[in-house]
Amino acid sequence: MASQQSMNSNSSSMSKSRSRSGSMPQLLCYHNDIAPIRVVKHDGPTRGKRFYGCSHWPRTCGFFKWADESDEVRELQFKLFEKDTEIAELELENSLLQEKVKELKQTNLKNRDQLEEILLENSVTREGMYTATADKKLYVFLLMSWVFFSVVYMFQK
Ligand SMILES: [Zn+2]
């Protein structure tokens with residue numbers, strides 16, 4: 001019973017320390033002492049930022065590390081990963097689009113062939129039509145010349 005209780009308290013304290021170290025890990029300075037977390041108090045872009053420093057300040061060993069940096073780096077890495085995924089997706093989309101463009105170009109080429117065929121056919125029919133109108137004109141010309149000839153012949157009589 002007693003051992004069980006101690007085990008329980010042990011595990012609970014272990015999990016507690018683990019969760020605390022997960023959010024804010026404890027670091028040692030070059031003195032091998034626990035580096036306390038301090039907050040930047042002077043004005044500037046880093047104001048309010050937490051950092052690890054030497055506990056023997058002002059006789060510091062020069063240890064310095066941003067406390068929030070690891071989180072920021074992790075966040076940036078995650079963002080980068082997200083961007084990479086986005087880029088990969090875009091590249092996939094791009095390749096798909098390129099394939100589609102290729103397909104469309106092929107269809108376009110086929111269509112152009114068909115169009116050329118149609119145009120060829122059209123020009124052939126137009127040529128036929130042209131010959132038909134030329135025949136008509138010739139026929140009218142012959143008729144007119146015949147009428148003219150007959151009129152001249154009648155006046156000569
Ligand atoms: Zn130190």
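This is a predicted model: local features need pLDDT of at least 70, side-chain atom pairs count only at pLDDT 80 or more; totals for chains, interfaces and linings use all residues.
View 1. Residues are numbered from 1 along each chain as its sequence is written.

**View 2. The run of helices and strands.** The protein chain has two helices and five strands. Read from the N terminus, the elements go α-β-β-β-β-β-α. Helices (H or I, at least four residues) and strands (E, at least two) are DSSP runs, numbered from the N terminus. As for contacts in the protein chain with a separation of 6 or more, 24% of them join residues 24 or more positions apart; two residues are in contact if their C-beta atoms, placed from the backbone, lie within 7 Å.

**View 3. The open sheet.** Three strands line up in the order β3-β4-β5, with antiparallel pairing. The edges belong to β3 (37-39) and β5 (64-66), each with a single partner strand, so one side of each has no neighbour in the sheet. Neighbouring strands here are turned by 35° against each other on average, direction ignored. That angle relies on axes, which are lines fitted to C-alpha atoms (for helices over the stretch in contact), and angles run from 0 to 180 degrees between N-to-C directions.

**View 4. Who faces whom across the strands.** Two strands pair if DSSP finds at least two bridges between them. β3 and β4 have three bridges in the antiparallel sense, and β4 (residues 50-53) also pairs with β5 over three antiparallel bridges. Follow Phe51 in β4: Arg38 stands opposite it, and its bridge partner in β5 is Trp66. Tyr52, meanwhile, sits opposite Lys65 in β5.

**View 5. Around Cys54.** Look for Cys54 in the loop between β4 and β5. Cys54 counts as partly exposed because it has 19 C-beta neighbours inside 10 Å. Leaving aside neighbours within four places in sequence, Cys54 is in contact with Cys29, His31, Ala35, Thr60, Cys61 and Phe63. Arg38 lies 16 residues away from Cys54 along the chain, and the C-alpha atoms of the two are separated by 9.6 Å.

How values were computed: A residue is buried if 20 or more other C-beta atoms lie within 10 Å of its own, exposed if 12 or fewer, and partly exposed in between; C-beta atoms are placed from the backbone.
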